[in-house]
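Student: I'd like to go through the open spaces in this one. Can you take my questions as they come?

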Amino acid sequence: MNRIVPLVLAVALFMENMDSTVIATSLPAIAADIGTSPIALKLALTAYLVSLAVFIPVSGWMADRFGAKNVFRAAIVVFVLGSIACAASGSLLEFVLSRFLQGVGGAMMTPVGRLVLVRSTPRNELVSAMAWLTMPALIGPLIGPPVGGFLTTYFSWHWIFLINVPIGVLGIIIATRYLPSIETLVQRPLDITGFFLSGIAASGIVFGLSVVSLPALPTWVGMATLLTGIVSAVLYLVHARRTAEPLLSLNLLDNPIFRAAIVGGSLFRIGVGAIPFLLPLMFQIGFGLTPFQSGMITFVSALGAMSMKLVTKWFYRKTGFRNSLMYGSFVAAIFVAVNGFFTPETPYWLMILLLLVGGFFRSLFFTGTNALAYADIPNEQTSQATPISSVAQQISMALGVAVAGGILEITTKIHGGPLQLSDFHIAFFVVAAISGLACLSFRGLQPDAGSEVSGHRPLIKVAAPAE
């Protein structure tokens with residue numbers, strides 16, 4: 001397997017992952033500086049995910065129309081410009097708009113990069129390629145919390161965005177030199193109606209769920225936005241059935257393997273999407289730690305995730321996708337719930353150990369679902385499968401932030417005071433229960449599902465001949 005391609009593409013994932021973990025660690029400091037609350041500032045996190053949800057659906061068409069390599073490089077430029085705008089923001093509105101601009105770049109970087117990887121990698125090497133793609137990207141969360149906490153505590157939160165500038169320049173240079181020019185397999189006309197309907201649906205649902213729990217905006221705004229998103233989603237379903245080449249071909253969901261990867265992955269990511277929001281806030285507000293101290297604890301999750309990449313291919317070859325994902329998702333959900341038992345009296349070494357193991361199992365799950373999604377999809381349909389998979393991932397993670405923020409808001413209203421440690425505990429238990437439901441999505445898969453990708457060959461019992 002050519003490891004250069006996934007390593008080059010990982011530059012984009014590195015920026016995105018580090019950016020999200022850095023911001024989560026620095027939320028209280030940013031909120032205090034621009035004159036808002038940490039709960040209200042989660043609108044900036046959601047704005048980024050909403051932007052992804054709007055523009056990811058068109059990423060496959062853009063790659064086919066203008067070339068995946070060109071789109072990938074342009075996306076890095078947009079992401080870097082958004083980072084500079086974030087650093088220059090002085091109000092909640094400016095920060096939200098800047099994060100939205102970052103999301104436009106991110107919407108093209110990750111799915112288009114994954115499309116290049118899938119089309120340039122043999123299926124039997126896809127698990128390894130996905131592991132190599134995400135391993136360098138996991139360095140982002142690994143160094144994001146301590147670097148973000150250090151910069152925020154001892155310098156200024158503005159620098160957590162400016163570090164994306166040299167990383168982005170490096171990404172453009174190595175992408176120009178090393179990425180292959182992938183041949184366009186299918187030329188499709190742009191489904192303009194589908195683009196608007198899918199964008200309004202995804203952004204309306206994600207934004208609406210977040211705004212309902214935001215004290216900064218009236219509840220009716222969130223309800224109206226959520227209703228608009230749901231109506232648009234229904235209209236898109238009707239439109240997709242009547243259109244020969246819809247922007248997102250939902251017929252791919254008729255494939256049981258692809259459907260299991262999407263549904264199971266989405267349920268699990270609701271819990272995981274809440275962790276970068278909940279954990280740093282709990283350590284800083286509930287435990288009274290500084291951003292740097294908080295980051296030094298949370299970074300070990302990424303270290304556990306990186307260690308899983310060393311055995312991922314062997315693990316899936318031995319156990320197969322069905323068993324690994326079914327049991328792995330359940331165990332990983334338990335480790336999400338474990339966060340709800342942390343208190344200031346919990347030994348640091350124990351918290352670090354549990355976060356390390358939790359990251360290990362989350363990495364196992366993510367690599368598997370990312371590879372399983374393409375296990376039974378022909379190459380000419382990968383530009384359709386990639387945006388569907390990416391949209392599902394980002395919406396579910398946005399829902400995780402929205403659900404977590406909503407739980408915190410509800411619990412504070414119930415006891416009528418500021419955020420307490422028990423509020424975070426309740427939030428962790430709820431999102432963990434949602435993530436645990438993912439195991440049900442993989443129960444119906446055949447034992448040899450995705451065997452061309454995993455290399456797993458389950459034992460088949462042969463009946464003894466009749467005497």
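Student: Which helices each supply at least two residues of the second largest pocket's lining?
Tutor: α11 and α17 do. Helices here are DSSP runs (H or I, at least four residues), numbered from the N terminus. This is a predicted model: local features need pLDDT of at least 70, side-chain atom pairs count only at pLDDT 80 or more, and totals for chains, interfaces and linings use all residues. Residues are numbered from 1 along each chain as its sequence is written, and side-chain values use heavy atoms, without hydrogens and water.

Student: Which helix gives the most there?
Tutor: α11, with three residues.

Student: What counts as a pocket?
Tutor: On a 1 Å grid over the protein atoms alone, using a 1.4 Å probe, a pocket is an open set of points with protein on both sides within 12 Å along at least five of seven lines. Lining residues have an atom within 4 Å of a point.

Student: Where does the second largest pocket lie, and why?
Tutor: Between domain 2 (191–246) and domain 3 (248–456), because both give residues to its lining. The bounds come from an automatic or database domain assignment.

Student: Now the largest pocket. What's its volume?
Tutor: About 520 Å³, counted as the space filled by probe spheres set on the points, which are joined across faces, edges and corners. Of its 20 lining residues, the closest to the centre are Ala 233, Leu 248, Leu 250, Val 391 and Ile 395.

Student: Which elements give two or more residues to that lining?
Tutor: α10 (192–212), α11 (219–242), α12 and α17.
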